[in-house]
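Please look through the structure below with the text beside it.

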Amino acid sequence: MKLIYNIGVLAGIQPEGVLRVEGAEQGKTGTLENAWLAVDDEGRIADFGTGSVMPDSDWASLDAHGGMLIPGFCDSHTHVVYAGSRDGEFLDKINGLSYEEIAARGGGILNSADLLQATPEDELYRQSMVRVQEMMDKGTVALEIKSGYGLCPEAEMKMLRVIKRIKETVPATVKSTFLGAHAVGRGYTHESYVQAVIDMIPQAAEYADFVDVFCDEGFFTVEDTDRILSAAEHLLTPKIHANELAVSGGVQVGVKHQALSVDHLERTTDAEIEALKGTWTMPTMLPGSSFFLGLPYGRAKDYIKAGLGVALASDYNPGSSPCGDMRFVMAQGCIKMRLTPVEAFNAVTLNSAYAMGVSTEYGSITRGKRAALILTHPGWDLTKLAYQYQTPYIREVLF
Ligand code: NIG
Ligand code: FE
């Protein structure tokens, strides 16, 4: 048993069995001041409470020195396995080209696929691990990673093997998503590539937890998505890229296939909000890509007003969000989407854990959950975390 004592603020407390928070509940979190928390030998939260408890002599102990203790961040949408960089396109973007224009010139996702296909598996693992380590250092304790820069059977499987290897190496929990349908691979027609993705599903299902499709204008249609998700039924749960570039119908086809999440949602109408009501699908927004690409921010507040929950994730990738800092994502939720600090905090912890199927284990201070926690320096609270969004605050990330 290990005791963490002298905790200034213990935030993110949720009762057992709460796997996501929706509507008004998203704006609430349990908080204790002057608290302690005990961790059992399996690394789970055994108990917590208030008061100046001193550790038993046989217990390991950690003096929090009045710092805040919160659940670590959960990042339910990333593309951190990629090769090289797209800094050349960064300059194109600065010079005025849009994401779609860069893609139409053969850049974008296809550029990353060329680089990835030419990169040996060990080197891909090494490059990707640098980013995963950076994310863990910044407080991420659970993350999802997608394939989708292979775009042919051999390279998609190479990506899934690298994700598996990361899963086996890092203390964070990693979930794996097969995103063969990220763009049409070179040398294929649109139709032949959709068929190739369908043919890859059985093998991908040996590695991946989820299946994703970039259901958006210029990429894959609702019909393509429907075919791919039908082929993956009973093998892989869907998580869908929807409504980034256009009102694509991706939300509705995701809901039809009981997607665990529909992600992006920069462009949505009231019909998408209606379609999500009463479903188990978590709307997930990625403010980092709105920031980087200059897209509208998702209507998170309207979703919450409609009684839904919202998750926020980083979308860490080389083309639309080269940043995996979930504290910055939380701050953008407040600054750009007008979420309260608690709404944004629940979006980057419990709801994002739900959006990758790990909220029984992560995302809140709850007895029995993993003690995967962020301990801050003294003087921090949830509001200051988002408000003073660049000041270093982490003393230690505990796994
Ligand atoms: O989520 N929108 C599609 N996929 C990624 C971007 C991929 C890339 O440009 O490399 C995203 O934004
Ligand atoms: Fe993405």
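In this predicted model, a nitrogen atom of ligand 1 lies 2.8 Å from an N or O atom in the side chain of His182. Taken alone, ligand 1 exposes 330 Å², and the protein buries 100% of that area. Where does ligand 1 sit? Its place is the largest cavity.

The side chain of Tyr99 places a polar atom 2.6 Å from an oxygen atom of ligand 1. For Arg86, an N or O atom of the side chain is 2.8 Å from an oxygen atom of ligand 1.

Which residues come nearest to ligand 1? There are 15 residues around the ligand, and the nearest are Tyr99, Tyr149, His182, Glu244 and Ser320. By type, the shell around ligand 1 consists of 4 nonpolar, 8 polar and 3 charged residues.

Now turn to the metal. Ligand 2 is an iron ion, and its protein donors are His77 (NE2), His79 (NE2), His241 (NE2) and Asp315 (OD). These donors lie 2.1 to 2.3 Å from the iron ion. Along the chain, their spacing reads H-x1-H-x161-H-x73-D. The pair His77 and Asp315 links distant parts of the chain, 238 residues apart. His77 belongs to the loop between strand S6 (73–75) and helix H1 (87–94). Asp315 belongs to the loop between strand S13 (311–312) and helix H12 (326–337).

Technical notes. Residues are numbered from 1 along each chain as its sequence is written. Chains are lettered from A and ligands numbered from 1 in the order in which they are written. This is a predicted model: local features need pLDDT of at least 70, side-chain atom pairs count only at pLDDT 80 or more; totals for chains, interfaces and linings use all residues. Side-chain values use heavy atoms; hydrogens and water are left out. A residue is near a molecule or strand if one of its heavy atoms lies within 4 Å of it. A polar contact is a pair of N or O atoms within 3.5 Å; within protein, one must be able to donate a hydrogen and the other to accept it, and residues adjacent in sequence count only if both atoms are side-chain atoms. Accessible areas come from the Shrake-Rupley method with a 1.4 Å probe; for residues, only the protein chains shown count as cover. On a 1 Å grid over the protein atoms alone, a cavity is a set of points where a 1.4 Å probe fits but cannot get out, and a pocket is an open set with protein on both sides within 12 Å along at least five of seven lines; lining residues have an atom within 4 Å of a point. A molecule sits in a cavity or pocket if more than half of its atoms lie within 2 Å of its grid points. Ala, Val, Leu, Ile, Met, Phe, Trp, Tyr, Cys and Pro count as nonpolar, Asp, Glu, Lys and Arg as charged, and the others, Gly among them, as polar. Donors are N, O and S atoms within 2.8 Å of the metal (3.2 Å for Na, K and Ca); water is not among the atoms, so sites may look incomplete. Helices (H or I, at least four residues) and strands (E, at least two) are DSSP runs, numbered from the N terminus.
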